[in-house]
Amino acid sequence: RWRKRVESLNDLLLAGRTIEAREGFETLLAEAPGDPQALHGLGVLAIHEGRLEEGERLLRQVLEAEPDNARFWNDLGEALRLLGRLEEAIAAYRRALDIAPDFVPAANNLGVTLTLTGQLEAAETEFRQALEQAPADPYTHNNLGVLLERQGCFEEALMAYEAAVCLKPDFSEALANYTDLVKAHPGLLAGSVHRMAQRLAAQEKAGTQP
């Protein structure tokens, strides 16, 4: 029952219903002072609301209780990244992946942060490894596209954006990246349209179209 309550509150948080989520997590914490799941929820909520130092403090408190929780390390990494402490964020993401090597969100976040620090080859490795774990993850495809575009690999970048858009047609960031790249390199459009038509047809045939 406790787990279901936590899951329902996390769903509220993801849906942007922060007031209800905060009230729920505070209620859990009142019932079980120091509960890691309640503290984690409040820490993530603080990050979402821009109270980054408070979020970091709560997540570090949680990690004292559960130091081998990959999700908690990943969320601490997010707080540190938003605080601009990128090397510390990278270390937190790596810790998450040490615990759970197949944890795709941490690999994605690590790749993004490595990109921000100019470690492009290492970032590409993380994205490609993440795609081996979850080849249908549109966010990883988009992140890889951003990296490839930055490296000047425009057609490969466009292919990554195509994958992201085909997997998640309402993915506004990937759509914008795709559009901007095609505008900058219109010669790539014809090949892209052909590839996307083939991909969508294959997805429909396989019954995997979103």
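Predicted model: local features only at pLDDT ≥ 70, side-chain atom pairs only at ≥ 80, totals over all residues.
Colleague: How many salt bridges does the model contain?
Modeller: The criterion is a Lys or Arg side-chain nitrogen within 4 Å of a carboxyl oxygen of Asp or Glu. By this rule the count is 16.

Colleague: Arg60 forms a salt bridge with which residue?
Modeller: The closest N and O atoms of the pair are 3.9 Å apart, and the cut-off is 4 Å, so the pair qualifies. The partner of Arg60 is Glu88.

Colleague: How many residues apart are Arg60 and Glu88, and in which helices?
Modeller: This pair links distant parts of the chain. Arg60 is in helix α4 (residues 52-65) and Glu88 is in helix α6 (residues 86-99). Their separation is 28 residues.

Colleague: Is Arg60 buried or partly exposed?
Modeller: Buried would need a relative accessible area under 20%, and exposed over 50%. Arg60 has 34%.

Colleague: What separates Arg128 and Glu124 along helix α8?
Modeller: Their side chains meet in a salt bridge, 2.9 Å from N to O. Residues three or four places apart in an α-helix point the same way, because there are 3.6 residues a turn. Arg128 and Glu124 are four residues apart in helix α8 (residues 120-133), so the separation is about one helical turn.

Colleague: Which helices does the salt bridge between Glu162 and Arg195 link?
Modeller: The closest N and O atoms of Glu162 and Arg195 are 2.8 Å apart. Both Glu162 and Arg195 are buried. They sit 33 residues apart, in helices α10 (residues 154-167) and α12 (residues 189-206).

Colleague: What covers the buried residues of α10?
Modeller: The helix has 14 residues and reaches 20 Å, close to the 20 Å expected. Its buried residues include Leu158, Tyr161, Glu162 and Val165. The cover includes α9 (138-150), α11 and α12.

Colleague: Which residue makes a polar contact with the side chain of Asn177?
Modeller: Asn177 lies in helix α11 (residues 172-184). At 17% relative accessibility, Asn177 is under the 20% limit and so counts as buried. Leaving aside neighbours within four places in sequence, Asn177 is in contact with Asn142, Val146 and Tyr161. The polar contact, at 2.9 Å, is with Asn142.

Colleague: How far apart are the C-alpha atoms of Asn177 and Leu158?
Modeller: Along the chain, the two residues are 19 residues apart. Leu158 is one of the buried residues of α10. The C-alpha separation is 8.5 Å.

Colleague: Which residues is Glu78 in contact with, leaving aside its neighbours within four places in sequence?
Modeller: Glu78 is in helix α5 (residues 70-82). Its relative accessibility is 18%, so Glu78 counts as buried. Its contacts are Tyr93 and Asn109.

Colleague: Which residues are linked with Arg22 in a network of salt bridges?
Modeller: The network holds Arg and Glu residues. Linked with Arg22 are Glu49, Arg51 and Glu54.

Colleague: How many residues does the largest nonpolar core have?
Modeller: Those with the most contacts inside it are Phe25, Leu28, Trp73, Leu76, Leu110 and Tyr178. Phe25 touches residues including Leu9, Ala38 and Leu42, not counting residues up to four places away in sequence. The core has 56 residues.

Key
Residues numbered from 1 in each chain as written. Heavy atoms only, no water. Helix = DSSP H or I, 4+ residues; strand = E, 2+ residues; numbered from the N terminus. Buried < 20%, exposed > 50% of the residue type's maximum accessible area, 1.4 Å probe, protein only. Contact = heavy atoms within 4.5 Å. Polar contact = N/O pair within 3.5 Å; in protein donor to acceptor, adjacent residues only side chain to side chain. Expected span 1.5 Å × (residues − 1). Core = buried A, V, L, I, M, F, W, Y, C linked by side-chain atoms within 4.5 Å.
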